[in-house]
Amino acid sequence: MASPGTTKRSRTRRASESAFGLLLLAKNVTMALVALLILVAGVWSSWADAKPAMLTKGLERGTVTVAGCDDDWCTGSFAPARAGGDSHRRVRVDETVTDGVGDRVPVVVKPGTDEVVRTGAGGVLHAWVPFGGALLLGALVVAGGLGMRRTAWALGFLGAALLGATFATLTV
């Protein structure tokens, strides 16, 4: 018997409320997994360039003098920082980290390739640009899919700050 002031609900109504609760839980879990997948993908795509830019111990460091640029890459001659280092004739560097032909950029050689990665603050920040984009995209998923507005604002702010800092260090 129901206590005074409460309404007795039918079994059908209670079952539908439970099913709706399960659907809401499934939606929240799915959105959380999508946001996590976006952030992990951002870290994964950034790590290939971030690792040599940040952890230069044991890698060949030097300077590249840019001789020419294509659509996405610039090529130039590599001068090793230490005497007796392996001098590469031509190496390639991402065009966005140079000021064009004649620019001298401090770099580190990716092991086993003719590709170099810029070192220093500008190089490290540039390496993490895909993660900054993932933070911005993840913020949209967190806000729209999970309804966590403050967390989304924090993610978006961190992503925008990372991209802004990269732009500032590479243009100065």
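The residues that line the largest cavity divide into five nonpolar, two polar and four charged; here Ala, Val, Leu, Ile, Met, Phe, Trp, Tyr, Cys and Pro are taken as nonpolar, Asp, Glu, Lys and Arg as charged, and the others, Gly among them, as polar. The model is predicted, so that local features need pLDDT of at least 70 and side-chain atom pairs count only at pLDDT 80 or more, while totals for chains, interfaces and linings use all residues. Residues are numbered from 1 along each chain as its sequence is written, and side-chain values use heavy atoms, with hydrogens and water left out.

The structure holds one cavity of 30 Å³ or more, and about 80 Å³ of space lies in the largest cavity. A cavity is a set of points, on a 1 Å grid over the protein atoms alone, where a 1.4 Å probe fits but cannot get out, and its lining residues have an atom within 4 Å of a point. The grid points are joined across faces, edges and corners, and the volume is the space filled by probe spheres set on them. The lining of the largest cavity consists of Asp49, Trp73, Val93, Asp94, Val97, Glu115, Val116, Val117, Arg118, Gly123 and His126. Strand 5 gives the most, with three residues.

Two of the lining residues have further entries. His126, one of the residues around the largest cavity, lies in helix 2. His126 is buried, with a relative accessible area of 18%; buried means under 20% relative accessible area, exposed over 50%, and partly exposed in between (1.4 Å probe, protein chains only). Between His126 and Phe167, 41 residues apart in sequence, the C-alpha to C-alpha distance is 8.3 Å. Trp73, also in the lining, has Arg92 over its face, at 3.9 Å from the ring centre. A charge sits over a ring if NZ of Lys or CZ of Arg is within 6 Å of the ring centre and within 35 degrees of the ring normal.

The structure also holds two aromatic pairs. Trp47 and Trp128 form a tilted pair, 6.2 Å centre to centre with 50° between the planes. Trp47 lies in helix 1 (residues 11–54) and Trp128 in the loop between helix 2 (120–127) and helix 3 (129–146), so this pair ties together parts that are 81 residues apart in sequence. The rings of Trp128 and Phe131 have centres 6.0 Å apart and planes at 75°, so this pair is edge-to-face. Rings of Phe, Tyr and Trp (its six-membered ring) pair if their centres lie within 6.5 Å; planes under 30 degrees apart count as stacked, over 60 as edge-to-face and the rest as tilted. Trp47, Trp128 and Phe131 form one aromatic cluster.

For helix 3, 18 residues at 1.5 Å a residue should span 26 Å, and the end C-alpha atoms are 25 Å apart, which agrees. The expected span is 1.5 Å times one less than the number of residues. The buried residues of helix 3 are Gly132, Ala134, Leu135, Gly138, Ala139, Val141, Val142 and Gly145. Just after helix 3, Gly147 takes a positive phi of about 75°.

Exposed residues include Lys57 and Arg11. Lys57, in the loop between helix 1 and strand 1 (61–69), is exposed at 81% relative accessible area. Lys57 and Phe157 are 100 residues apart in sequence and 32 Å apart in space, C-alpha to C-alpha. Arg11 lies in helix 1 and is exposed at 71%. The C-alpha atoms of Arg11 and Arg118, 107 residues apart along the chain, are separated by 66 Å.

Technical notes
Helices (H or I, at least four residues) and strands (E, at least two) are DSSP runs, numbered from the N terminus. On a 1 Å grid over the protein atoms alone, a cavity is a set of points where a 1.4 Å probe fits but cannot get out, and a pocket is an open set with protein on both sides within 12 Å along at least five of seven lines; lining residues have an atom within 4 Å of a point.
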